[in-house]
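Student: I would like to learn how to read a few features of a model. Where do we start?

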Amino acid sequence: MVNHTTSSPHLHGINTVSKEMLLVLAALIPAVAASTWLFGWGVLINIVLAAMVALVSEAIVLWLRKRPAMPSLSDCSALVTAVLLAIALPPLAPWWLLVTGVAFAIIVAKHLYGGLGYNPFNPAMVGYVMLLISFPLEMTSWLPPLSLQTESLSLLSSLTYVFTGQLPIAIDSLSMATPLDSIKTQLGLEHTISATMASSEVFGALAGKGWEIVNGLFILGGLWLIYKRVISWHVPVGLLGSLFLIALIFNLADPERYADPLFHLFSGGALLAAFFIATDPVTGATSLRGRLIFGAGVGLLTYVIRTWGGYPDGIAFAILLMNMTAPTIDYYTQPRVFGHNREK
């Protein structure tokens, strides 16, 4: 007997996990294309290799857990984790760095806790932090942007370097410090912000050459996700607003010691995190007020780590620290239930 429900229209949700993940991947395409143009084929090599490792790792774990593989593989969550981690790693990172980081993210940070929906920490950031602590040299060997490269590498040369560590051509310098690295190092040597920026050609109008364009495209992709209702505006506004405000306060107090707010927004992973990582619905706060608080916490911790910590960019550490606070934030920010009397 079929039971037909005749009352109420009963609206159905139009978004599924796989659809939302595909929209996230689509929103990343402009920034990935710009990164490839500016920093070379290593960006795409990172993404392809990371995606393959993520899918294989997920399939193996599901087989060991005696769970059907296709539902989890088809939801594209492993692909999103792989792409986010691949973007965060330096182009031309050695193949074993990608394999180690992605496998750790999928196997340990995701499936050790039960899989999608049960992991308390963002898998991509867990993989990134593990690599940063374990292999700091490889994690800080970034290519210069296209305008500063003496000779660009072909796809074949890039593949050769990733898998063998050797180059078929002679290049004087393959890597250089990022803008955040330069600021951190030079301030430690008692140099001023203005002197540091004037002495290095890596800096552009707002932050670093090349990085400004990529981060601008992260903004466009993130705004598109907000328009498509894949994410809400609360976490990006909280994160970027708090980072901007605290950077502004210290910059006004001492502009030669503390970089300006736009430099902090357009350097490192702040914009990528604001729209694509900290907005993870599984590991972040769920209430609207909670998302603002969560985002603000990430922004404040990022500035603290960048300014007084031991790492140039503290975005990954800030997200993981706030992941731990998400349940408590939700507990104290849940909206009042209709009809509930607070006095009881």
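Tutor: Start with burial: buried means under 20% relative accessible area, exposed over 50%, and partly exposed in between (1.4 Å probe, protein chains only). By that rule Lys110 is buried, at a relative accessible area of 4%. This is a predicted model: local features need pLDDT of at least 70, side-chain atom pairs count only at pLDDT 80 or more, and totals for chains, interfaces and linings use all residues. Residues are numbered from 1 along each chain as its sequence is written, and side-chain values use heavy atoms, with hydrogens and water left out.

Student: Which side chain does Lys110 meet in a salt bridge?

Tutor: A salt bridge is a side-chain nitrogen of Lys or Arg within 4 Å of a carboxyl oxygen of Asp or Glu. Lys110 pairs with Glu58, at 2.9 Å from N to O. The pair links distant parts of the chain, 52 residues apart: Lys110 sits in helix α5 (residues 95-110) and Glu58 in helix α2 (residues 42-64). Helices (H or I, at least four residues) are DSSP runs, numbered from the N terminus. Glu58 is buried too, with a relative accessible area of 0%.

Student: How many salt bridges does the structure hold?

Tutor: Two. Arg306 bridges to Asp313, with the closest N and O atoms 3.0 Å apart. Arg306 is buried at 5% relative accessible area, and Asp313 is buried at 16%.

Student: How do I read a pair of helices?

Tutor: Two packed helices are described by the angle between their axes and the distance between the axes. Axes are lines fitted to C-alpha atoms, for helices over the stretch in contact, and angles run from 0 to 180 degrees between N-to-C directions. Here the axes of α12 (residues 234-253) and α14 (residues 270-277) come within 8 Å and cross at roughly 160 degrees. That makes α12 roughly antiparallel to α14, a label for angles over 145 degrees.

Student: Which residues form the nonpolar patch on the surface?

Tutor: Its members have over 30% relative accessible area and no salt bridge, and nonpolar side chains (Val, Leu, Ile, Met, Phe, Trp, Tyr) are joined within 5 Å. Here they are Trp41, Leu44, Trp95, Leu155, Leu159 and Phe163, with about 520 Å² of accessible area together. Accessible areas come from the Shrake-Rupley method with a 1.4 Å probe; for residues, only the protein chains shown count as cover. Helix α8 (residues 155-164) gives the most, three residues. Leu155 lies in α8 and is partly exposed, at 37% relative accessibility.

Notes
Patches are made of residues with over 30% relative accessible area and no salt bridge: like charges are joined within 9 Å, nonpolar side chains (Val, Leu, Ile, Met, Phe, Trp, Tyr) within 5 Å. Helices (H or I, at least four residues) and strands (E, at least two) are DSSP runs, numbered from the N terminus. Angles under 35 degrees count as roughly parallel, over 145 as roughly antiparallel, 65 to 115 as roughly perpendicular and the rest as oblique.
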